Amino acid sequence: MKARKFLAIAVMCAAMAAAACGVSAAAEKADGYTKINAQEAKEMIEGSAPVVLLDTRKVEEYNEGHIPGAIVISHESVKTELPKILPDKNATLVIYCRSGKRATAATQDLVAEGYKNIYLYTGGMLDWPYEVAK
């Protein structure tokens, strides 16, 4: 009985902590990062906490349309280039690409480099229903 009560309290605390960070309890925690959907990404981008929005596609793709405020570093270069412009490994990152594959690879590289607060928008530009900048 005590274990059940403890588990219920732990789940409630985790949900409240996620909500306080602007991420729903439905967000999926993976190996060193959190998977989020478009709505969660938009809420984080528009929230009061600073977020670095990283597009991991090629510059040509980025120029065709990207999420407003994003910086572009291709997934092949992110491991070497991001530390040059963002040495703070505790900064909050929201990472995306076209469909999720390249962003996932970049995310895994950044976790290996020691970045701690990574949110992977898994839908990518294919599923982005909000404003797009060109």
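Two rings of Phe, Tyr or Trp (the six-membered ring, for Trp) make a pair when their centres lie within 6.5 Å; planes under 30 degrees apart are stacked, over 60 edge-to-face, and anything else tilted. This is a predicted model, where local features need pLDDT of at least 70 and side-chain atom pairs count only at pLDDT 80 or more, while totals for chains, interfaces and linings use all residues. Residues are numbered from 1 along each chain as its sequence is written, and side-chain values use heavy atoms, with hydrogens and water left out.

**View 1. Ring pairs join Tyr121, Trp128 and Tyr130 into a cluster.** Searching the whole structure turns up two aromatic pairs. Tyr121 and Trp128 are edge-to-face, because their ring centres sit 5.5 Å apart with the planes at 70°. For Trp128 and Tyr130 the centres are 5.1 Å apart and the planes at 75°, so that pair is edge-to-face too.

View 2. Tyr130 comes out partly exposed, with 29%.

**View 3. Lys42 lies over the face of Tyr130.** The distance to the ring centre is 5.0 Å. A charge sits over a ring if NZ of Lys or CZ of Arg is within 6 Å of the ring centre and within 35 degrees of the ring normal.

**View 4. Residues 1-22 have pLDDT below 50.**

Conventions:
Buried means under 20% relative accessible area, exposed over 50%, partly exposed in between (1.4 Å probe, protein chains only). pLDDT is the predictor's confidence in each residue, from 0 to 100. Contact means heavy atoms within 4.5 Å.
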